[in-house]
Amino acid sequence: MEALFPVLKRHPGPSLLVFSLIFRLTHRLLQRLPVPKVVKQDDFRSWKWRNLSVSMVHSLLTGTWALTCALVWPETLSNLHSYHTPLSYLLVCISTGYFVQDAADIILTGHAIGAWEFLLHHTIVISCFLYTLYTELYVSGAVIALFVEVNSVTLHLRLLLKLANAQSSTMYYINKFANIFTYITFRLSTQFYLTWYIIHNYSWLDHGLFFLIPIIVMNIMMLIYFYRLVRSDFFHQSKKSVGQNGTHYNNSKKFLSD
């Protein structure tokens with residue numbers, strides 16, 4: 001394993017492409033698992049289910065990994081600029097590979113317009129993570145940023161349940177509260193900490209503006225989606241009932257529904 005890390009650092013580009021292929025293989029393997037009948041009957045739902053399933057694997061892996069890095073190596077939380085370990089570098093490389101694969105899946109399957117918010121998010125993440133991989137700076141910052149994947153687990157579960165028309169299930173009810181909790185704890189709090197760190201240390205950070213602008217954009221996106229999330233799950237509107245019978249998904253190819 002130790003021999004792997006010098007190779008990753010010497011060839012981060014090819015390395016992340018290898019991880020992209022691994023996630024693509026995961027995508028193929030997950031197709032063998034059974035899916036709800038209502039999902040199977042619609043091509044868009046079927047693709048979205050597969051895409052979200054791979055995203056769930058990524059979130060479970062990287063969210064747990066990021067938290068473990070912070071617990072085992074506490075300096076990860078304080079020295080976001082220059083501290084990193086081989087395992088934290090590997091984590092960022094693997095995660096970048098996933099985002100490249102997911103962006104390619106969205107574009108090559110013709111869903112770019114409906115999933116433009118995801119593509120914007122992926123473009124920001126990939127550009128920042130590539131800088132991190134090639135310079136070996138801000139690796140800890142990238143690890144902290146991956147705390148949001150803890151919330152992504154509940155977000156993906158929410159969307160999977162909606163695809164299966166299970167909004168009235170007990171699991172959906174429990175998950176919507178867990179989703180709000182993890183959104184505030186692991187997504188908003190993490191993002192605000194990263195924002196504070198860059199602003200507070202902006203005078204000496206390398207290419208601080210390169211990271212500040214994307215973080216501000218991400219902050220705006222996260223707050224908007226948080227509003228939409230709360231509105232959808234806790235303040236029901238009659239027009240949302242259209243989604244119960246699948247009409248909403250058939251009339252819209254928008255990937256990120258409320």
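Contact here means heavy atoms within 4.5 Å. With that in hand, welcome to a predicted model, in which local features need pLDDT of at least 70, side-chain atom pairs count only at pLDDT 80 or more, and totals for chains, interfaces and linings use all residues. Residues are numbered from 1 along each chain as its sequence is written, and side-chain values use heavy atoms, leaving out hydrogens and water.

**Nonpolar core**
- L90 touches F5, L8, F19 and W65, leaving aside residues up to four places away in sequence.
- The largest nonpolar core has 50 residues, and L8, L90, V92, F129 and Y183 touch the most other members. (Such a core is a set of buried Ala, Val, Leu, Ile, Met, Phe, Trp, Tyr and Cys residues joined through side-chain atoms within 4.5 Å; buried means under 20% relative accessible area, with a 1.4 Å probe and protein chains only.)

**V54**
- V54 sits in helix α4 (residues 43-72); helices are DSSP runs of H or I, at least four residues, numbered from the N terminus.
- V54 is buried, at a relative accessible area of 2%.
- Its touching partners are F23, H27, L30, Y98 and Q101, again not counting residues up to four places away in sequence.
- H27 is 27 residues from V54 along the chain, yet their C-alpha atoms are separated by 5.8 Å.

**Helices α9 and α10**
- The axes of α9 (residues 148-163) and α10 (residues 170-200), lines fitted to C-alpha atoms over the stretch in contact, come within 8 Å and cross at roughly 150°.
- The two helices are therefore roughly antiparallel, a label for angles over 145 degrees.

Terms used
Axes are lines fitted to C-alpha atoms, for helices over the stretch in contact, and angles run from 0 to 180 degrees between N-to-C directions. Angles under 35 degrees count as roughly parallel, over 145 as roughly antiparallel, 65 to 115 as roughly perpendicular and the rest as oblique.
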